[in-house]
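Biologist: I am new to this protein. Could you walk me through its structure in short questions and answers?

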Amino acid sequence: MSGLPDHLRKPVRGMRDWTPRQIYALRHVEDTLRKVAESFGYRQVETPVVEHFEVLAKKAGQEIVNEIYVFKDKAGRDLGLRFDMTVPIARLLSYHMEIPKPVRWYYFSKVFRYDEPQHGRYREFHQFGIELVGSSTPRAEVEVLQVLAESLNAVNAGNYLIMLNDRRAIDKLLERWELTPYREIIYRALDKKSKMSREEVLKIMTAGGVPLDKAEKLYDAASEIELHDAVDFLTALDSNLGSFYSQLVRYLEDAVPLERVKFNLSIVRGLDYYTGVVFEVFAGEYKLAVGGGGRYDDLLQLYSGVKTPALGFAIGVERLMEALGLLEVEKPIDYYIYVFDDEGYRVAIKIARKLRQSGYSVVIELGEKNLKDTFEYVLKLGVKHLMIIGKRELERGVVKIRDLGKRLEYEIPIEQL
Ligand code: HAM
């Protein structure tokens, strides 16, 4: 057989096709998540897929900048594909300063990262997320974490775990242990803690100049602790941070199940724009984070010149669907009409129009299959009712209906349809 070679039949590396069954699974997740965001008063926003490269590169951090799809347009502009929605939203708000704060927006959008494709890592994927812009009270953190928790509940991922941390806490600790000059390398090392062995993580730090004893101390401190213990730890580190967290935990108690939230100093996140609370969320046994977020109080100022506190989260929708095992949803066709001749076909057109006006989906057989083949076809296609318009039935003013789910056959007078 000729035609395209195999590698051209498949989508470009890291991209994927979406067949209807897969799209309906995606839509189901989208509808569910959208409802949660809207119930908290969030409204949907969308931005172009293409951005000025300069806007994207401003505060993403080298790791993400390396993953930006970059290109020049025909006029020679340096452009890139958005790698998240936080940055485009910050840009949008910088020329829409009149929009009243706090802003509560959500998105369900495609983003692009030139990542190494593997399980759970794609170059084109969907993010559902929210951004809450213009507030610095811990109640904003409570709200964002609650939307996250409710989103996961709504899609039946109730066995989630939110790992919380604070960049201010790590920075304080580094200051105390006189490790501030190694901040970048330490962040990079901690970020790898869940993916690498102890030796490998320590090696990253020591290779960057961190003394081994301090690297070990840091490694051991960066483990999972209960939220209440975290408050004590943070209070000892810095009284302001301590009071922020004791307030946060007190409010959180009423907003989310506290046993689903842990504090973990190793959660630093790859993006450079975070300034305070950061978190990642895991679902069940699924190894990779299904979502992440945090506070980025300096990002908007980079674009607008005006200091504007903000925070949010994004869920990787493909990962969430994989974690849920929700990969396909069938959307059955309500009626498939089989006719034997032109007379039947003309009646079918009228019946189909009426049924469609009443909200049913209806397909009329195109006349190229016999009844037996049609039968096999509709079973594969996912059809609820096969309607057969035969000569003898027509003479009696009825049609035959086969309910394919219940395996019943009956007749209905055409007028009743
Ligand atoms: P992020 O952690 O880079 O955060 O991405 C959020 C989620 O997107 C991840 O937790 C993961 O589920 C998914 N994700 C990331 N990379 C890939 C990939 N290559 N393939 C499939 N899924 C992926 C952000 O993007 C921030 N903008 C979140 C945020 C919003 N922070 C504040 N507001």
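What follows covers the sheets, a helix, single residues and the ligand site.

Biologist: What kind of model is this, and how are residues numbered?
Modeller: This is a predicted model: local features need pLDDT of at least 70, side-chain atom pairs count only at pLDDT 80 or more, and totals for chains, interfaces and linings use all residues. Side-chain values use heavy atoms, with hydrogens and water left out, and residues are numbered from 1 along each chain as its sequence is written.

Biologist: Which strands stand at the edges of the open sheet of 9 strands?
Modeller: Helices (H or I, at least four residues) and strands (E, at least two) are DSSP runs, numbered from the N terminus. Two strands pair if DSSP finds at least two bridges between them. The sheet has the order E1-E5-E6-E12-E11-E10-E7-E9-E8, with mixed pairing. Two strands each have a single partner strand, so one side of each is left without a neighbour in the sheet: E1 (43-44) and E8 (224-226).

Biologist: Which residue of E9 stands opposite Ile-225?
Modeller: E8 pairs with E9 (residues 261-264) in the antiparallel sense, over 3 bridges. The residue opposite Ile-225 is Phe-263.

Biologist: How many residues of E6 are buried?
Modeller: Buried means under 20% relative accessible area, exposed over 50%, partly exposed in between (1.4 Å probe, protein chains only). Both faces of E6 are covered, with Phe-128 among the buried residues on one side and Glu-131 among those on the other. E6 is largely enclosed by the rest of the structure because the buried count is 10 of the 10 residues.

Biologist: Which residue in E6 is the bridge partner of Trp-105?
Modeller: E5 and E6 run antiparallel, joined by 10 bridges. The bridge partner of Trp-105 is Glu-131.

Biologist: Which residue in E12 stands opposite Phe-128?
Modeller: E6 also pairs with E12, in the antiparallel sense over 7 bridges. Opposite Phe-128 stands Ile-315.

Biologist: Which residue of E15 stands opposite Tyr-335?
Modeller: E13 (residues 333-339) is largely enclosed by the rest of the structure, because 7 of its 7 residues are buried. It runs parallel to E15 (residues 383-389), with 6 bridges between them. Opposite Tyr-335 stands His-385.

Biologist: And which residue of E14 stands opposite Tyr-336?
Modeller: E13 and E14 (residues 362-364) run parallel, joined by 3 bridges. Opposite Tyr-336 stands Val-363.

Biologist: Which residue follows helix H14?
Modeller: H14 spans residues 317-324, and its buried residues are Val-317, Glu-318, Arg-319, Leu-320 and Met-321. Their cover includes helix H2 (20-39), strand E5 (103-112) and helix H6 (138-154); contact means heavy atoms within 4.5 Å. After H14 comes a residue whose phi is positive, near 70°: Gly-325.

Biologist: Is Glu-141 buried or exposed?
Modeller: Glu-141 lies in helix H6. Leaving aside neighbours within four places in sequence, Glu-141 is in contact with Phe-244, Leu-248, Val-277, Arg-295 and Leu-311. Its relative accessibility is 1%, so Glu-141 counts as buried.

Biologist: What is the relative accessibility of Arg-356?
Modeller: Arg-356 lies in helix H15 (residues 342-357). Not counting residues up to four places away in sequence, Arg-356 touches Val-362 and Ile-364. Arg-356 counts as partly exposed because its relative accessibility is 41%.

Biologist: Which atom of the ligand lies 2.7 Å from a polar side-chain atom of Asp-84?
Modeller: A polar contact is a pair of N or O atoms within 3.5 Å; within protein, one must be able to donate a hydrogen and the other to accept it, and residues adjacent in sequence count only if both atoms are side-chain atoms. A polar side-chain atom of Arg-113 lies 2.9 Å from an oxygen atom of the ligand. At 2.7 Å from Asp-84, the ligand atom is a nitrogen.

Biologist: How much of the ligand does the protein bury?
Modeller: An N or O atom in the side chain of Tyr-273 is 2.9 Å from a nitrogen atom of the ligand. Accessible areas come from the Shrake-Rupley method with a 1.4 Å probe; for residues, only the protein chains shown count as cover. Taken alone, the ligand exposes 660 Å², and the share buried by the protein is 95%.
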